[in-house]
Amino acid sequence: MSKKNNDEIKLSIPNKPEYVSVVRLTVTSIANRMGFDIEKIEDIKVAVAEACTNAITHGKNEEDNFLVDFIMEEDKLVVNVSDNGRGCTTLNEIKNPDLDHLNHEKEGGLGIFIIRSLMDNVQIISNHGSGTIISMTKYMGEDH
Amino acid sequence: MSLIIEKYYYEEKKQWSVSLIGEVDIYTAGQLKETFIKLIEEKKEDIKINAEELDYIDSTGLGVLIGALKRLKQENKDIILFNVKPSIKKLLNITGLDKIFIIEG
Ligand SMILES: Nc1ncnc2c1ncn2[C@@H]1O[C@H](COP(=O)(O)OP(=O)(O)OP(=O)(O)O)[C@@H](O)[C@H]1O
Ligand SMILES: [Mg+2]
């Protein structure tokens, strides 16, 4: 059986806040071209932007670029965001946002939770010092 | 893409009116944070946000709103959001933030 080759687009993005909007526009256009409905396009856009924002704010390799990889399959879109930053070993343990943090100094902690809520499948590989890869999948169909 | 912030203080209602136009993300969130800090320094009153033309807000922007609410809550003041687009409403829902801000309309 011959395996069908998937189309793939790769972006290398400078670690600068002004470029996240470029990724948002790109992924919107890719998902739209694949035929995702408006709500799913919005979910994908929001999730991918959160991953990019984390690569910039937490990856902290200022001179470096981070990579965004779009793999277009028949029934799904896979987006991988990878950085060469400091990594984080507790990334897979993040659960619900702690809204009682109203009393704490630190704001935030929403990004990973938002990604997990909006995408069908999320995998995070992150090791101390060797960067982070976050792989997100959204299916075209309704049964996911 | 960028962010335009329009603000006005209603003396009679003792309320700030803020219109957010465009996108709040990691690039524009600083601008929003500065605006809120100034507003709250000037008058610690309710902030009513017109989100009719707010196309997008990310976790960084939501963090700014949470930070502003924390300061307002010291005086029992609130942040009210109205005319919120469905995609943003969804985000407020899944994060539970719809329970700490007042959402109208
Ligand atoms: N690419 C990354 N590299 C290293 N650490 C990361 C990365 N992404 C996330 N983290 C770690 O995981 C934590 C949670 O990320 P998350 O996006 O949920 O929240 P946040 O970025 O701190 O705040 P918010 O997304 O609400 O603005 C971060 O504070 C950071 O410590
Ligand atoms: Mg984040």
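Chain B has three helices and six strands. This is a predicted model. Ligand 1 sits between chains A and B.

**Chain B: fold and shape**

- Along the sequence, the elements of chain B run β-β-α-β-β-α-β-α-β.
- Chain B has a radius of gyration of 13 Å, close to the 13 Å from the globule rule for 105 residues, so chain B is as compact as a globular protein of that length.
- The C-alpha trace of chain B spans about 30 × 25 × 20 Å along its principal axes.
- Among contacts in chain B with a separation of 6 or more, 65% join residues 24 or more positions apart.

**Chain B: burial and surface**

- Of the 105 residues in chain B, 52% count as buried.
- The accessible surface of chain B is about 5,000 Å².
- Carbon and sulfur atoms account for 47% of that surface.

**Ligand 1: the shell**

- The shell around ligand 1 holds 19 residues.
- The closest are A:N54, A:H58, A:D83, A:L110 and A:I112.
- By class, the shell has six nonpolar, ten polar and three charged residues.
- Chain A brings in α2 (38–57) and α3 (111–118), and each supplies at least two shell residues.
- Chain B brings in α2 (59–73), which also supplies at least two.

**Ligand 1: polar contacts and cover**

- A:D83 places a polar side-chain atom 2.8 Å from a nitrogen atom of ligand 1.
- A:L110 uses its backbone instead: an N or O atom there lies 2.8 Å from an oxygen atom of ligand 1.
- A:T132 has a side-chain N or O atom 3.4 Å from a nitrogen atom of ligand 1.
- On its own, ligand 1 has 590 Å² of accessible area, and the protein covers 86% of it.

**A:R24: a buried residue in a helix**

- A:R24 belongs to helix α1 of chain A, which covers residues 20–34.
- The relative accessible area of A:R24 is 4%. Buried means under 20%, so A:R24 counts as buried.
- Leaving out residues up to four places away in sequence, A:R24 touches A:K45 and A:A49 in chain A.
- In chain B, A:R24 touches B:E23, B:D25 and B:Y56.

Technical notes. Residues are numbered from 1 along each chain as its sequence is written. Chains are lettered from A and ligands numbered from 1 in the order in which they are written. This is a predicted model: local features need pLDDT of at least 70, side-chain atom pairs count only at pLDDT 80 or more; totals for chains, interfaces and linings use all residues. Side-chain values use heavy atoms; hydrogens and water are left out. A residue is near a molecule or strand if one of its heavy atoms lies within 4 Å of it. A polar contact is a pair of N or O atoms within 3.5 Å; within protein, one must be able to donate a hydrogen and the other to accept it, and residues adjacent in sequence count only if both atoms are side-chain atoms. Accessible areas come from the Shrake-Rupley method with a 1.4 Å probe; for residues, only the protein chains shown count as cover. Helices (H or I, at least four residues) and strands (E, at least two) are DSSP runs, numbered from the N terminus. Ala, Val, Leu, Ile, Met, Phe, Trp, Tyr, Cys and Pro count as nonpolar, Asp, Glu, Lys and Arg as charged, and the others, Gly among them, as polar. Buried means under 20% relative accessible area, exposed over 50%, partly exposed in between (1.4 Å probe, protein chains only). Contact means heavy atoms within 4.5 Å. The radius of gyration is taken over C-alpha atoms; the globule rule is 2.2 Å times the number of residues to the power 0.38.
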